[in-house]
Amino acid sequence: MTASIDDRILAHLQVVMLAKLRRGEPFAFTWNENANGLGRTTIWIHNAISLTFQYYGGKVPPINSRWIQALVRSSNSVSGLEILPEPPAAPLAPDSPL
């Protein structure tokens with residue numbers, strides 16, 4: 001099974017998926033394929049499945065911790081991991097180094 005997912009979204013999904021698999025937590029993953037008219041696809045992911053994360057760009061996108069938290073909550077739900085809209089990033093503390 002292959003899914004084309006934007007690099008920014010994929011980077012966040014990879015963080016969540018690998019964390020769940022490291023903990024031995026299988027889960028369902030659902031995405032929409034509106035671009036090619038196929039609708040929704042759901043697959044079951046567990047440690048026995050080989051995953052490949054292929055990026056089109058060469059740079060690692062910055063990770064939004066709020067988005068990771070939202071995706072983790074989704075992955076722990078009855079319906080499983082779904083691609084959610086990205087929330088605004090948490091603001092930096094005034095004394096944080098950039």
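## Surface and burial

Accessible areas here come from the Shrake-Rupley method with a 1.4 Å probe, and for residues only the protein chains shown count as cover. On that basis the chain exposes about 6700 Å², with carbon and sulfur atoms supplying 57% of it. Of the 98 residues, 31% count as buried (under 20% relative accessible area, 1.4 Å probe, protein chains only).

A word on the model: it is predicted, so local features need pLDDT of at least 70 and side-chain atom pairs count only at pLDDT 80 or more, while totals for chains, interfaces and linings use all residues. Residues are numbered from 1 along each chain as its sequence is written, and side-chain values use heavy atoms, with hydrogens and water left out.

## Layout of the chain

Two helices and three strands make up the element list (DSSP runs, H or I of at least four residues for helices, E of at least two for strands, numbered from the N terminus). Starting at the N terminus, you read α-β-β-α-β.

As for contacts (heavy atoms within 4.5 Å), take those with a separation of 6 or more: 58% of them come from residues 24 or more positions apart.

The three strands form an open sheet, order E2-E1-E3, with mixed pairing (two strands pair if DSSP finds at least two bridges between them). Strands E2 (39-45) and E3 (81-82) sit at the edges with a single partner strand each, so one side of each has no neighbour in the sheet. E1 (residues 27-33) runs antiparallel to E2, joined by seven bridges; Phe29 has Ile43 in E2 as its bridge partner.

Helix H1 (residues 7-22) lies across E1, E2 and E3, and runs at about 160° to E1 (axes are lines fitted to C-alpha atoms, for helices over the stretch in contact, with angles from 0 to 180 degrees between N-to-C directions).

Key. Buried < 20%, exposed > 50% of the residue type's maximum accessible area, 1.4 Å probe, protein only.
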